[in-house]
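Please read this briefing alongside the sequence and the model.

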Amino acid sequence: LTNKQFLKVRYAVDSIGWINGDYYLPQLKPNHYFTNASGFGNKGEKQKEEELFKMLVEEKSYLSLGYAIGVASLLLPLLDRDNFVIFSHGRTGAGKSTMSFLALSLFGSYEALKASNDNATTGFELFLKQRNHAIAVLDELNTSAGDSERVAENLIRTIYKFHAGQGRLRATVDLHMREQTRFEGILYISAEDDLKTFLKMSKKTVKGIYRRTIVVDFERLFHEYGGEENLQRWTEAVYHVIRENYGNMLSDIVSRVKDDINRIKEDYENFKSYYKNEDQGWRFEGQERALALLATAVKFLERHTSLNMGFLYDIVDEIATQNHQEFNKGVKASREELIAEIESWVAENYWALKVTQTREEEIEINDKDGTRKKKQIIESTTKQPNRNLFGKIEDGKLLLTSPGLTSLARYIQTSESNLKHMLANFGLAEKDDSHIIKRTMRVIDGIKLKVYELAYSEPSEPPEPD
């Protein structure tokens, strides 16, 4: 027995995040081997991290919102299935990056976990998968180096892709479909220019970006909640600590989330009603979920630290006001903008549509007696959906089932009733008064279904989702 070797058992895990009610990260699961968790982990002393957190909260530093953003990324898959993007803008030194690095420091080394916006499509999908159920940070996006239009297009593609929460469908060499990359969490993007500046650089219609993004103007936060002298001192304190001390507070946070989940869900529903209530002076169609998630994270931290965080609720309200203004400038869609949104939705959900494409051609052939005559050739090809059926594309029409209309409304970030109203007003669907008509179509996959009939021009090449 003295020569018997005992092997330490380690379990291989290929992703981080919530798995069967437990949260997986290297510092929380030391007996597991993580194949895709570079940058995550812990180092240094938890006490130093806690002292920094307490100092920033007690001095009412707006940078402390970074902790709430990090916690919100943990809570998102437990409360709400919608990813969202935080787009922070303002001059260099206003605290944009520092706030995001505080969020990252809950999970690991901010220096290893941050990224730029120059990732290729596949690389970006892997980057997001690695940060599943956590915060992903693209730091210091700018247009000064390189093609500004390319940078803007990349930003738009990034926001749409992240909000959808899934990568492209790809085929294997034997023509089977690979498993789609999926990701849940919060994406934090920082830039000097505001979002509107980037959108103006693009040739695409991108009003839908406002429904998928929470904009944070750091100039306003700096002047209302900071000041030059305070910010400089806070920033120095932050980097002094988080360079060598990170990832140690997460164990307590995860443990308390598990114990407190029912109360967290109740808080979230209350905050969602609060931000959806137009009597507060705000109007959103989707963004209230992101704002409610941030406020819920603040409430969670306040409850478990006994620190007064009233100023952080004020900051979330200030961000709500900023986004109410941006939303109501950007959300008034034209007919062309709605069509662009529908085309984008089709591109991302092509797998759930039955598509019949018909080609007609007239050719000349020899008759039996040798004379030449014309013959009409009609070819029809059909692509069958491989998952839930959202509808059918046929003969210049998009025929949407009820699940398809629900998915489209959710994609556009509006209510189904509002979507129906816009489709009717813009003449994109057959209507009775101001309501679009639901008709019985022949058959899809052997089932007779009622569908909404929308005008749609099918492109010659099948769309490829970004």
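## Confidence and overall picture

In this predicted model, pLDDT stays under 50 over residues 377-382, although the model has 19 contacts beyond four places in sequence for that stretch. The mean pLDDT of the chain is 80, and 76% of its residues reach 70 or more.

**Where to be careful**

- Residues 169-178 also have a pLDDT that stays under 50, and for them the model has 14 contacts beyond four places in sequence.
- Among the elements of the chain, confidence is lowest in strand β10 (residues 372-383), with a mean of 51, whereas helix α1 (residues 46-58) has the highest, at 97.
- Where pLDDT is low, the predicted coordinates should not be read in detail.

**The chain as a whole**

- There are 15 helices and 16 strands in the chain, and of its 466 residues 51% are buried.
- Of the contacts in the chain with a separation of 6 or more, 73% are accounted for by residues 24 or more positions apart.

**The parallel sheet and its helices**

- Four strands, in the order β6-β7-β5-β8, form an open sheet with parallel pairing; its edge strands are β6 (134-141) and β8 (213-217), each of which pairs on one side only.
- From one strand to the next, the twist of this sheet averages 20 degrees.
- Six bridges connect β6 and strand β7 (residues 185-191) in the parallel sense, and within this pair of strands Leu 138 stands opposite Ile 189 in β7.
- Helix α2 (residues 65-79) packs on the sheet, where it touches β5 (84-89), β6 and β7, and its direction makes about 145 degrees with that of β7.
- Helix α3 (residues 96-105) lies across β5, β6 and β7 as well, and runs at about 155 degrees to β6.
- In α3, 10 of its 10 residues are buried, including Lys 96, Ser 97, Thr 98, Met 99 and Phe 101.

**The hairpin of β11 and β12**

- Strand β11 (residues 391-394) and strand β12 (residues 397-400) run antiparallel and are joined by four bridges, and Lys 392 stands opposite Leu 399 in β12.
- Two residues lie between the strands of this hairpin, in which Asp 395 takes a positive phi near 55 degrees.
- In a regular strand the side chains alternate between the two faces of the sheet.

- The side chain of Asn 132 makes a polar contact of 3.4 Å with the side chain of His 133.
- Beyond its neighbours within four places in sequence, Asn 132 is in contact with Ile 16, Gly 17, Tyr 23, Arg 182, Phe 183 and Glu 184.
- Lys 29 lies in the loop between β3 (22-24) and β4 (32-34), and with a relative accessible area of 16% Lys 29 is likewise buried.
- Leaving aside neighbours within four places in sequence, the residues in contact with Lys 29 are Asp 22, Tyr 23, Tyr 24 and Phe 34.
- Val 13 and Lys 29 are 16 residues apart in sequence, and the distance between them in space is 10.0 Å, C-alpha to C-alpha.

**Two exposed loop residues with positive phi**

- Asn 20 has its place in the loop between β2 (17-19) and β3; its phi is near 50 degrees, a positive value in a residue other than glycine, and Asn 20 is exposed, with a relative accessible area of 80%.
- Lys 60, in the loop between α1 and α2, has a positive phi of about 55 degrees although it is not a glycine, and this lysine is exposed, with a relative accessible area of 52%.

Definitions and conventions. Residues are numbered from 1 along each chain as its sequence is written. Side-chain values use heavy atoms; hydrogens and water are left out. pLDDT is the predictor's confidence in each residue, from 0 to 100. Contact means heavy atoms within 4.5 Å. Two strands pair if DSSP finds at least two bridges between them. Buried means under 20% relative accessible area, exposed over 50%, partly exposed in between (1.4 Å probe, protein chains only). Axes are lines fitted to C-alpha atoms, for helices over the stretch in contact, and angles run from 0 to 180 degrees between N-to-C directions. A polar contact is a pair of N or O atoms within 3.5 Å; within protein, one must be able to donate a hydrogen and the other to accept it, and residues adjacent in sequence count only if both atoms are side-chain atoms.
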